[in-house]
Amino acid sequence: MSIFDHAEFSDHEQVIFANDPVSGLKAIIAIHNSYRGPALGGLHIHSYRNDAQALGEALKSSRGMTYKTALANLPHGGGKAVVIADPRYDKTPSLLEAMGRLIDSLDGRYITAEDQGSDAADMQALARVTPHVVGLRNPAGAGGDPSPYTAWGVFNAMRGAVRHTLGKTELCGLRVAIQGVGHVGARLARYLHEAGARLVLSDVDSHAVNSLARHLDARVVAPKTIFDVEADIFAPCAMGAVLNAEVCRRLQARIVVGAANDQLAEPACAEQLLARGIVYVPDYVANAGGVIEVAWRRRADYDRRQVMAHIAGIESTLETILERAGREGLSPVAIADRLAEERFAEPRGKASV
Ligand code: NAD
């Protein structure tokens with residue numbers, strides 16, 4: 001099979017393979033689409049099973065970032081870098097320097113950021129070689145953690161979904177079941193508590209979930225039973241592929257909106273939820289808050305209030321999507337994809353950052 005026939009490869013602009021025997025760097029950078037601006041996407045360092053797995057992730061994630069940045073109205077396209085290495089042992093200064101040179105060789109067409117297996121210290125190391133890095137911590141140590149912004153985006157997506165689906169302008173009194181109270185889920189739970197929502201929480205870390213539940217007057221259920229909770233909203237904030245055929249059959253909530261990436265185990269699950277009358281908010285619409293904040297960091301006029309307002313705009317984007325989905329009888333995922341694709345074709349300069 002020709003490499004160009006790879007299922008995910010058909011519409012990528014450029015894919016770079018790098019091999020540096022001196023440092024041991026083996027890396028792939030995928031640029032899916034740069035019509036709206038330079039491709040933005042994280043650097044994942046992982047001991048992949050084989051090259052095909054690494055390539056598959058670079059292609060899939062960079063494509064996903066194009067959709068996410070377009071729907072977030074950012075002047076960026078989608079990119080992704082993967083380094084085939086064990087982040088615990090292989091992240092030597094010379095490997096990071098070689099990766100920095102590779103990113104720099106693209107002259108700003110790809111901008112990197114923290115992702116799984118890479119951290120703030122790695123970003124600092126790359127920044128010594130190339131300016132095309134975002135999400136650096138400032139000298140006081142602030143910045144770098146996108147999860148508060150992601151949680152703010154999910155909270156605003158919930159508001160949009162609730163207004164559209166339940167006709168309510170407030171979250172007060174609504175029952176929200178959250179799966180996973182890590183960085184994003186715990187912050188989201190606090191926003192919801194402040195808004196007067198009633199919370200049901202689950203996490204495999206029983207200490208973390210019980211302690212949060214005490215503070216927020218929330219109920220805790222076992223991880224396996226969170227899907228069966230009678231709730232208005234189910235918020236997946238633990239891991240991907242959680243919405244499989246069985247879960248979609250079991251879910252009791254009217255709305256699904258959460259932070260986890262790639263929530264649908266199969267594309268068909270979007271149709272299954274639609275058929276059951278459950279409104280599924282596409283994950284890449286709801287969880288774009290962190291990317292929006294990171295994109296703002298490239299601007300000299302970074303202003304936190306404007307960042308939060310930009311993220312809050314997820315609410316109106318979502319309402320547009322849900323309104324079109326209702327009118328056309330299609331799933332929100334189908335409409336979100338279409339809206340993003342319309343935006344790839346927008347003339348440059350229309351995006352707001
Ligand atoms: P995290 O690791 O801090 O939190 C995940 C939590 O889920 C942990 O507390 C973990 O114990 C719990 N968990 C794991 N398996 C579980 C299970 N079976 N049932 C219940 N709980 C379980 O991660 P995070 O940064 O909060 O991110 C959560 C999700 O959102 C991930 O899928 C991540 O890819 C996605 N996401 C995060 C961000 C961000 O800004 N952090 C941005 C976009 C997407």
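**Entry 1. Terms and model**

I take a contact to mean heavy atoms within 4.5 Å, and I take the angle between two elements from lines fitted to C-alpha atoms, on a scale from 0 to 180 degrees between N-to-C directions. I note that this is a predicted model.

**Entry 2. Helix α5 on the sheet**

I looked up what helix α5 lies across. Helix α5, residues 183-194, lies across β6 (175-179), β7 (198-202) and β9 (233-236). Relative to β6, helix α5 runs at about 170 degrees.

**Entry 3. The sheet itself**

I then followed the strands. An open sheet is formed by 6 strands, in the order β8-β7-β6-β9-β10-β11, and their pairing is parallel. I recorded β8 (219-220) and β11 (279-280) as the edge strands, since each pairs on one side only. As a general point, strands of a sheet pair through backbone hydrogen bonds, either parallel or antiparallel.

Strand β10 (residues 255-256) is joined to β11 by 2 bridges, and the two run parallel. Opposite V256 stands Y280 in β11.

**Entry 4. Helix α4**

I examined helix α4, residues 147-166, which has 20 residues. From its first C-alpha to its last, α4 reaches 27 Å, close to the 28 Å expected at 1.5 Å a residue. I asked how many of its 20 residues are buried. The count is 15, and α4 is thus mostly covered. Just after α4, I found G167 with a positive phi of about 70 degrees.

**Entry 5. Residue R343**

I located R343 in helix α13, which covers residues 332-344. Is R343 buried or exposed? Its relative accessibility is 16%. Buried means under 20%, so R343 counts as buried. I also listed its contacts, leaving aside neighbours within four places in sequence: R36, A70, L71, A72 and N73.

**Entry 6. The whole chain**

I closed with the chain as a whole. Its secondary structure comes to 13 helices and 11 strands. Of its 353 residues, 53% are buried. Among contacts with a separation of 6 or more, 65% are between residues 24 or more positions apart.

I compared the chain with a compact globule. For 353 residues such a globule would have a radius of gyration near 20 Å; the chain has 20 Å, so the two agree. The C-alpha trace spans about 60 × 45 × 45 Å along its principal axes. The chain exposes about 15,700 Å², of which carbon and sulfur atoms supply 51%.

Note on methods
Residues are numbered from 1 along each chain as its sequence is written. This is a predicted model: local features need pLDDT of at least 70, side-chain atom pairs count only at pLDDT 80 or more; totals for chains, interfaces and linings use all residues. Side-chain values use heavy atoms; hydrogens and water are left out. Helices (H or I, at least four residues) and strands (E, at least two) are DSSP runs, numbered from the N terminus. Buried means under 20% relative accessible area, exposed over 50%, partly exposed in between (1.4 Å probe, protein chains only). Two strands pair if DSSP finds at least two bridges between them. The expected span of a helix is 1.5 Å times one less than its number of residues. The radius of gyration is taken over C-alpha atoms; the globule rule is 2.2 Å times the number of residues to the power 0.38. Accessible areas come from the Shrake-Rupley method with a 1.4 Å probe; for residues, only the protein chains shown count as cover.
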